[in-house]
Amino acid sequence: MKRYIAEILGTFSLVFCGTAAMAVNEITNGIVTHPGVAITWGLIVMAMIYAFGDISGAHLNPAVTIAFAYAKKFSWREVPKYIIAQVLGAVIASIFVWFLFPESAYIGATLPTIDPLRAFVLEVLLSFFLMLVIINVSTGAKEIGVIAGIAIGGVVLLEAMFAGPMTNASMNPARSIGPALVSGHLEHLWLYLSAPILGMILAVSSCKLVKTDNCCNENC
């Protein structure tokens, strides 16, 4: 139960801080700035890994959980429970953002500014790069020392910085579900549910080709 609570709290914190930064930037006509939003996402990911990495693994992302199970680093039986916890945390976070910043029309919802096909491909690639890093600095149950938070948070910041204007750089189905449900902007949600899972499974598959022991051994 502690692991599930950790996933709820971690995903809540992640989605609240990241989407609140986007909402404040929206209603203040860009005071936070795009780099500020990207930095917020990177820092909150880093912080939550340090806070909950040794409890639940700090997945905070259904696609990561599924990819870890596919890599045999995590039990498939635990996957539905983790996903429920993550989505619950994301929805609660979005409710708080909506309550605090009702002037925001999107409350951080992920909506592409390019055509859906290119947005899908971009989200697959972003998720692929992110999982390549995650799979090499974690075991699925616990994160490895200081390197995990810095590496994973850094990749999220990097990808949010250059891809945020195109797709909002979700890479996380729960992060997209929360704002979509609360704001009512469900358009293109399929893209943000499927692309991260596909991208991260591809990352695990490619990792197996070059580092079998690290990607397939739960006790690596």
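Student: Why is Thr167 called buried?

Tutor: Its relative accessible area is 0%, and buried means under 20%, with exposed over 50% and partly exposed in between (1.4 Å probe, protein chains only). So 0% puts Thr167 among the buried residues. Before we go on: this is a predicted model, where local features need pLDDT of at least 70 and side-chain atom pairs count only at pLDDT 80 or more, while totals for chains, interfaces and linings use all residues. Residues are numbered from 1 along each chain as its sequence is written, and side-chain values use heavy atoms, leaving out hydrogens and water.

Student: Okay, and which residues does Thr167 touch, not counting those up to four places away in sequence?

Tutor: Thr167 sits in helix α6, helices here being DSSP runs (H or I, at least four residues; strands are E, at least two) numbered from the N terminus. Leaving aside residues up to four places away in sequence, Thr167 touches Thr110, Leu111, Pro112, Ile114, Ala119, Leu122, Glu123, Leu126 and Tyr192. Touching, or contact, means heavy atoms within 4.5 Å.

Student: What makes the link between Thr167 and Glu123 a polar contact?

Tutor: Their side chains are joined at 2.6 Å. A polar contact is a pair of N or O atoms within 3.5 Å; within protein, one must be able to donate a hydrogen and the other to accept it, and residues adjacent in sequence count only if both atoms are side-chain atoms. The 2.6 Å pair of Thr167 and Glu123 therefore counts as one.

Student: How do you know that Tyr192 is buried?

Tutor: Tyr192, in helix α8, has 0% relative accessibility, so Tyr192 counts as buried. The side chain of Tyr192 reaches the backbone oxygen of Thr167 at 2.9 Å. Among the residues Tyr192 touches are Asn172, Pro173 and Ser176. Tyr192 also touches Ser170; the two are 22 residues apart in sequence but 6.9 Å apart in space, C-alpha to C-alpha.

Student: Why is α5 called oblique to α8?

Tutor: Helix α5 (residues 116-137) packs against helix α8 (residues 189-210) at about 45 degrees, with the axes 7 Å apart. That angle makes α5 oblique to α8: under 35 degrees is roughly parallel, over 145 roughly antiparallel, 65 to 115 roughly perpendicular, and the rest oblique. The axes are lines fitted to C-alpha atoms, for helices over the stretch in contact, and angles run from 0 to 180 degrees between N-to-C directions. The residues of the contact of α5 with α8 divide into 20 nonpolar, 5 polar and 1 charged.

Student: And what makes α3 roughly parallel to α8?

Tutor: The axes of α3 (residues 62-70) and α8 cross at roughly 30 degrees and come within 9 Å. That crossing makes α3 roughly parallel to α8. On the α3 side, the contact includes Ala63, Ile66 and Tyr70, while the α8 side includes Pro196, Met200 and Lys208.

Student: Is Asn61 buried or exposed?

Tutor: Buried, because its relative accessible area is 4%. Asn61 lies in the loop between α2 and α3, and a polar atom of its side chain is 2.9 Å from the backbone nitrogen of Ala63. Asn61 also touches Met200, one of the α8 residues that meet α3.

Student: What makes α7 mostly covered?

Tutor: 8 of its 11 residues are buried, including Pro173, Arg175 and Gly178. The cover includes α1, α2, α3, α4 (79-100) and α8. At the start of α7, a side-chain oxygen of Asn172 comes within 3.0 Å of the backbone nitrogen of Ala174. Just after α7, Gly184 has a positive phi of about 85 degrees.

Student: Why does Thr33 count as partly exposed?

Tutor: Thr33 has 34% relative accessibility, so it counts as partly exposed. Thr33 is in the loop between α1 (2-27) and α2 (34-52). Its phi is near 75 degrees, a positive value in a residue other than glycine.

Student: And why does Ala169 count as buried?

Tutor: Ala169 has 7% relative accessibility, so it counts as buried. Ala169 lies in the loop between α6 (145-167) and α7 (173-183), and its phi is near 45 degrees, also a positive value in a residue other than glycine.

Note on methods:
Ala, Val, Leu, Ile, Met, Phe, Trp, Tyr, Cys and Pro count as nonpolar, Asp, Glu, Lys and Arg as charged, and the others, Gly among them, as polar.
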